[in-house]
Amino acid sequence: MSVIEAILKTAGEAGASDVHLTVGIPPKMRVNGSLITMDYPKMLPADTLDVLVNIMTQSQRERFEEWGECDLSLSIPGCGRYRVNAYKQRGSAALAIRLVGMKVPTLSDLGTPDSVLELCLKERGMILVTGPAGSGKSTTLAAMVDQINSRRKAHIITLENPIEYLHQHKLSIVNQREIGTDSGDYANALRAALRQDPDVILIGELQDAEAIHLAVNAAETGHLVLAALHTVEAAGAVDWLTEAFPSNKQQQIRARLANALEAVISQQLLPAPEGNGRKATFKVFHVDTAARELIREGRLSRLADIMEAESESCEKLMD
């Protein structure tokens, strides 16, 4: 077993969510939100570089050298599956590694509100999953894809950076495209997806105005679009999407969002009482006629109040 395999196996057994490798200190792992020093020697520049050489393809190494960072996914038999961000700091390589389960969890496993199951039955519109980094948005989206995959004959296209959970074809066809490997960026991948006869499109992250425009267009033209946003509260999602556009186009995008948006799922991972691990909290707001009118009118502070008052909430203690 290589050093990186041993480190990741130890982290997995400890229930860690992330592992950090950086020069000058031993590896650290995040358990229940806290960073813990692992029982390994300090990393040297040659150590982190050796890890990169062994897990990257040639094209990934070239991208890392050119840009100073690179996202990739990694599978190690007997250990698990991982999402990796490699980056340069002080001229040396460092890695942030997110542990991803080999098995796609169900929505029941995650403890989402029952109405999320109903959202997976929709055939068109946009569903946003929001929350801070590390809150489990990608896992929730993967569980929603698996729910659709298990219940509906559809063509599902996922656009991810990088691919995390691997989906098997069940009732649906699931084609997973990795940004940077299978397509240049989200906008290009979205533009192409609309020519690939999709029923469902998953977008790992809405990043800019062009990607938002294409995603809304897909939702308006009869597709179900599932997408993640790095906003802490659900109410901030519409504001963030609107602010991505120039002021002279914000009214138009609000009108389109009002028609396309079906629901906003907001989630966080918070410390559990008495330091007993962490709990996942979910809020689901279903966009109704009144909310659509508020979005069109740009009355987003009023929308935020309604979202807070009317969202379906639940929480679950994580193992």
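Select Lys279 and Glu315 in this predicted model: their side chains meet in a salt bridge, 3.6 Å from N to O. Lys279 lies in strand E13 (residues 278–286) and Glu315 in strand E14 (residues 312–317), so the pair ties together parts that are 36 residues apart in sequence. Colour the two by accessibility: Lys279 is buried, with a relative accessible area of 19%, whereas Glu315 is exposed, at 51%.

Next, select Asp146 and Lys170. The closest N and O atoms of this salt bridge are 2.7 Å apart. Here too, distant parts of the chain are linked: Asp146 belongs to helix H6 (residues 137–151), while Lys170 is in the loop between strand E8 (155–160) and strand E9 (173–178), 24 residues apart. Asp146 counts as buried because its relative accessibility is 12%; Lys170, at 45%, counts as partly exposed.

Move to helix H11 (residues 289–297), which holds both Glu293 and Arg296. They are three residues apart, about one turn of the helix, and their side chains form a salt bridge of 3.4 Å, N to O. Both ends are partly exposed: Glu293 has a relative accessibility of 37% and Arg296 one of 28%.

Now select Lys122, Arg124, Glu262 and Arg292 together. These residues are linked in a network of salt bridges. The structure holds 14 salt bridges.

For the last stop, show Phe64 and Lys88. Lys88 lies over the face of the Phe64 ring, 5.6 Å from the ring centre. A search for aromatic pairs gives nothing to select, as the structure holds zero of them.

Conventions
Residues are numbered from 1 along each chain as its sequence is written. This is a predicted model: local features need pLDDT of at least 70, side-chain atom pairs count only at pLDDT 80 or more; totals for chains, interfaces and linings use all residues. Side-chain values use heavy atoms; hydrogens and water are left out. Rings of Phe, Tyr and Trp (its six-membered ring) pair if their centres lie within 6.5 Å; planes under 30 degrees apart count as stacked, over 60 as edge-to-face and the rest as tilted. A charge sits over a ring if NZ of Lys or CZ of Arg is within 6 Å of the ring centre and within 35 degrees of the ring normal. A salt bridge is a side-chain nitrogen of Lys or Arg within 4 Å of a carboxyl oxygen of Asp or Glu. Helices (H or I, at least four residues) and strands (E, at least two) are DSSP runs, numbered from the N terminus. Buried means under 20% relative accessible area, exposed over 50%, partly exposed in between (1.4 Å probe, protein chains only).
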